[in-house]
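Notebook open, structure loaded. I'm jotting down what I look up as I go.

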Amino acid sequence: MLQVVRDPSSILIGGILPLLLLFLFGFGVSLDLRNVAMCVVVEVPTPEASSFAASFGHSRFFAAREVRDRRRCEQDLVAGSIKGIVVVPATFAADSVRGGPAPLQVLVDGSEPNTAGLVQDYVQNLWRNWLAQQQAANASAPAPGVTLVPRIWFNPAHVSTDFLLPGLVAVNMTLIGTLLTALVVAREWERGTMEALMSTPIGIVELMIGKLAPYFVLGMMAMALSVGTAIVVFGVPFRGSFAVLAAVSAAFLLCMLAFGLLISTIARNQFVASQAALIVGFLPAVMLSGFLFEIASMPLPIRLLTYIMPARYFVPSLQTLFLAGDVAAVLVPNGLALAAIATILLAAAARVTRLRLD
Amino acid sequence: MARRILFLIVKELLAVWRDPRSRMILIVPPVVQLIVFAFAMTQEVTSVRMAVLNQDLGTESRDLVARFAGSPYVASVRALRGTQEIRPALDSADDIMVLVIPQDFSRDLAAGRPATVQALLDGRRSNAAQIVEGYAERIVAQFNADRAAEHDLPHPASVLVGRAWFNPNLTARWATVPGLLGTLTMLLGMVVTALSVARERELGTFEQLLVSPLAPVEILIGKAVPAFLIGIGEASLILAIAVFVLEVPFVGALGLLYAGMAVYLAAVIGVGLFISSLVATQQQAILGAFTFFAPAILLSGFITPVENMPDWLQPITLVDPMRFFTVIARGVFLKAMPASEVAQNLWPMAVIAVVTLSAAAWLFGRRLR
């Protein structure tokens, strides 16, 4: 325990790094479009065309520039300085309110597919609102038909921070758990202090408890710090109970610590251990946990791979605890999966350590 | 002097190549990551699982539900029996969307009154929910248009037809793979510079180099050039897999991409050597490399656009070489970006390279005294 407190790098991994990451990611990773640079091509400035072009100026999602000739902004789309071009043709006024495919063209930058899709949807919404206003102003009857009224539960304002931060907490915990144990234990193997411990009459279970307990405490403190920051600084709501949070986090942290111990014991070298921690621990936690990318959309082999990633169970648990509350249907299966993985990894780590020592 | 540096470069390359473990780390993980992440990193939403609470008995609502079930994006449509089933369906995250069709839906439509349908979405997965909402809007709009045509009604609001340039089907992989080229190259560049120097320092072999007749600048070149060659080789491998195995179109000029890659690698190696000149142990080097690496990826615009970030954070991304390389890689791969645009993104990386490399040289030299 003293070793942890005295080693400045443990403080760095356990305290400063998670805060730094949480702040950077919390502010940096945002899926909310804002001030998307657009180009609106108004070929002939009729009153209708100008009124539609002006509606881009009123939207907080877009920062639009108006030009007469679309060739003037095609180059910007290649450069990536604008994300889309809306072409309002000369024929616009006459047929704007009639149905069928709209006379407008929306060109988006497909090299950023997610943004491109959202820009299309937002322009569509803008267009629909503008049409509704026009019809209201002309007192023409609203077209009969079905209107879809969307309501977003748990996160009504679509604030991406609210659903990303719980995922980031999971990424942080992965980092702290694996990197910390992997590095520290690998260093002990490199320096031979692990063998020195072996020569004392300590059992393998005691040895593992002794090695993991301080990092477990450190990890839980980092967890509390991350969750606190998410709630206080970023204003993410927390609707679950802290007891459930602590239980799920403890199971996840044990997975990560056992995993770190396992790779460092196999690698016995800080260089390889840190690479493994990064490649097998951190990157999959970002990419394969469902925190940014939809697991259901991945091809089957990769979907199967996600089942052995502890983060896959931790991310939905955190998202539910933060935004929805104590939902047993989500938390019980995920918690059990985490506990099972933790048991397997701890057993494997104990076995490998014993083999190494013999 | 040139000969001495050449010897050092050859020695470094041999040292990396002869160690089977470092050979493994250089080749296997990047290839595996490229392939796994190329398929995993998609924000597209397919295989949507949804539920419908249909309180209407008419044919119109059945037609609408059938359209949802028939959508290529929807995997399953579960029928709910009552309002009490809505909450569990969303709470358990089984269904991302619940569609609620009110009981007078068909009657309203038949009478020419507007009807509404509620779409309840799971905001825990906000981005996916937003995309699913877009799908639902399109299905409903098509339903309206078809109904209007059938019943000879006045047309409802017209639907915009969007076209995506450079990537007509908005295939996520086409954008991910060029981004991964930057990520994996950076990971590798950091490993072979920051970590290897720190390891040598721990083992004491770096001090031997310092007391040899080589000047600090020569040692720096001796470390940077092999890393550069390894990086270019690795990037070429990734590029080949991207084009021939993952079938990402490459429409630009190969020479421009290599020019971008060379400057990018110089910047990455500069940062790596700068970190290694600051730290004393491997552990510190790993942490230092990581503290740079993780934000560099997330702030590069590779995962989420830079424009979405708050205004105070955007200037910070200007010191991230990956931000510029991501623009070049995507531009050359998909948009046939012209040389003038590439140059716009090249010079900031060159500045980063010059600053970090000279800082590293200065720090190495100072340590010597």
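Predicted model: local features only at pLDDT ≥ 70, side-chain atom pairs only at ≥ 80, totals over all residues.

**Chain A, overview.** I started with secondary structure: chain A has 14 helices and 5 strands, where helices (H or I, at least four residues) and strands (E, at least two) are DSSP runs numbered from the N terminus. Residues are numbered from 1 along each chain as its sequence is written, while chains are lettered from A and ligands numbered from 1 in the order in which they are written.

Next I checked burial. Of the 358 residues in chain A, 49% count as buried; a residue is buried with 20 or more other C-beta atoms within 10 Å of its own, exposed with 12 or fewer, and partly exposed in between, with C-beta atoms placed from the backbone. I also looked at contacts (C-beta atoms, placed from the backbone, within 7 Å). Among those in chain A between residues at least 6 apart in sequence, 79% join residues at least 24 apart.

Leaving aside neighbours within four places in sequence, A:A258 is in contact with A:A342, A:L345, A:L346 and A:A349.

**A:T353.** I picked this one out of helix α14 (residues 328-357) of chain A. Buried or exposed? A:T353 is buried, because 22 other C-beta atoms lie within 10 Å. Not counting residues up to four places away in sequence, A:T353 touches A:I204, A:M208 and A:T265. A:L262 is 91 residues from A:T353 in sequence, yet the two are 7.9 Å apart in space, C-alpha to C-alpha.

**Interface.** I went to the A/B contacts: 92 residues of chain A are in contact with 97 residues of chain B. On the chain A side, helix α6 (residues 113-137) gives the largest share, 12 residues. That side divides into 56 nonpolar, 26 polar and 10 charged residues; Ala, Val, Leu, Ile, Met, Phe, Trp, Tyr, Cys and Pro count as nonpolar, Asp, Glu, Lys and Arg as charged, and the others, Gly among them, as polar.

I also found strands pairing across the chains (DSSP has to find at least two bridges). Strand β5 (residues 146-153) of chain A and strand β4 (residues 115-122) of chain B run parallel, joined by 8 bridges. A:V149 has B:Q118 as its bridge partner in β4(B). For the complex, the predictor gives an ipTM of 0.78 and a pTM of 0.82.

**Chain B.** I noted two domains, domain 1 (7-41 + 171-368) and domain 2 (48-151), with bounds from an automatic or database domain assignment. Their C-alpha centres lie 48 Å apart.

B:S47, in the loop between α2 (20-40) and β1 (48-54) of chain B, has a positive phi near 50 degrees. B:S47 is partly exposed, because 15 other C-beta atoms lie within 10 Å.

Conventions:
Contact = placed C-beta atoms within 7 Å.
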